Amino acid sequence: QQRMRILAQLPMQEMMQYIGNVCRGVLDAPERSLKRRPADKEALGGLEDNEEDRDYKLLDLFDVITAKDSSGKSTFCERIVEMAMLSMLLIFKDLLPSYRIRPMTDKTAGGVDVKLKKTTKHLRDYELGLLGAYQRYLKLISELATAGLGAIVLGKKARTQTASTDSQLGLSALRCQCELLQAAPHFNFRTSLLTALVLAAAGGVCVRLRAACQRWQGQRLSH
C-alpha cells in the first residue's frame, strides 16, 4: 500500500506527529473518521501537502498497527505500533457513549424497524460504525496480548518469558484492556475483556503489568 510505504520512510518524530494528527482529526470529526475514503484518495489519504485537504480516518491507526512487510514483519518499530495502539485507546475512551449500543439484528437489518431508520438513521449509522471499530480494536489488542505474552496470558505452566518486542507490545495491549474495562464497564463486549484479564491474572502477568504501568507513568510525567 502506497500510503504505508511513504509513512515507513518518515523519521520517528514525523511519524509520531502523524499519529497525533490522526488522533486530532478523528476526535474533531468522529462521524467522518469512521467512513472510508473514496478509492481515488486512498493512496495519499491524510498525507496531502495541503493540511486542509487531509481527511484522517480511524482506519489509519489500524493500518499502522497491522502493517507488515513482505517477510511478515511489522512495517513499523515497536514504539510506533505502541503509540498507535495507545492513541486508539484514548480515542475510544473519549468516544464511547455512556450506554450500550444495540447491535444490528435480523429484524432491523430487514427493514422491519422503519421508524428507527427514519428518525435516528444518522445516529444509528454512527453508533454501528463505532461499535464495529471498537470490536475490531478489542480483537486486535487481544491478539497482540496473546502473541506477546503467549503461554503466560493463557494461564499455562510457563511463568517466565524474556523481554522482547512482542512481549512489550503484549503488556501494552493488556494495559489497554484494563483501561477500557475501567473506563467503560457498561459498554458492549465487557465479557470478553473480563475473560482476557482473568486469564492474564491466572497466568501471573499482573506483576509484570504493574512494572510496565510504572514505566508508562514515568514516561507520561517526563512529557
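Predicted model: local features only at pLDDT ≥ 70, side-chain atom pairs only at ≥ 80, totals over all residues.
R3, D60 and D63 are linked in a network of salt bridges.

**Salt bridges**

Side chains of opposite charge can pair when their charged atoms come close. A salt bridge is counted here when a side-chain nitrogen of Lys or Arg lies within 4 Å of a carboxyl oxygen of Asp or Glu. By this rule the count comes to eight salt bridges. The table lists three of them.

| Pair | N to O distance |
|---|---|
| D60 and R3 | 3.1 Å |
| K57 and D55 | 3.1 Å |
| K121 and D125 | 2.8 Å |

In the pair of D60 and R3, the side chains meet with N and O 3.1 Å apart.

K57 meets D55 through their side chains. With a relative accessibility of 4%, K57 counts as buried, because the cut-off for buried is under 20%.

Where do K121 and D125 lie? Both are in helix α7 (residues 114-149), at positions four residues apart, which is about one turn of the helix. K121 is partly exposed, with a relative accessible area of 44%. D125 is partly exposed too, and its relative accessible area is 41%. Partly exposed covers the range between buried, under 20%, and exposed, over 50%, so the 44% of K121 falls in that range.

**The chain as a whole**

The chain has ten helices and zero strands. Among contacts between residues at least 6 apart in sequence, 72% join residues that are at least 24 apart.

**Helices α2 and α5**

Two packed helices are described by the angle between their axes and the distance between the axes. For helix α2 (residues 12-28) and helix α5 (residues 78-95), the axes come within 10 Å and cross at roughly 15°. Angles under 35 degrees count as roughly parallel, so α2 is roughly parallel to α5. The crossing of the two helices is right-handed.

Which residues make the contact between α2 and α5? On the side of α2 they are M12, M15, M16, I19, C23, V26 and L27. On the side of α5 they are R79, I80, M83, A84, S87, I91, D94 and L95. Sorted by type, the residues of this contact comprise twelve nonpolar, one polar and two charged.

**A loop residue**

F189 lies in the loop between α8 (165-183) and α9 (190-202). Its phi is positive, at about 70°, although F189 is not a glycine. F189 is partly exposed, with a relative accessible area of 27%.

Note on methods: Residues numbered from 1 in each chain as written. Heavy atoms only, no water. Axes fitted to C-alpha atoms, helices over the stretch in contact; angles between N-to-C directions. Parallel < 35°, antiparallel > 145°, perpendicular 65-115°, else oblique. Left-handed = near helix turned anticlockwise from the far one by under 90°. Contact = heavy atoms within 4.5 Å. Nonpolar A, V, L, I, M, F, W, Y, C, P; charged D, E, K, R; others polar. Buried < 20%, exposed > 50% of the residue type's maximum accessible area, 1.4 Å probe, protein only.
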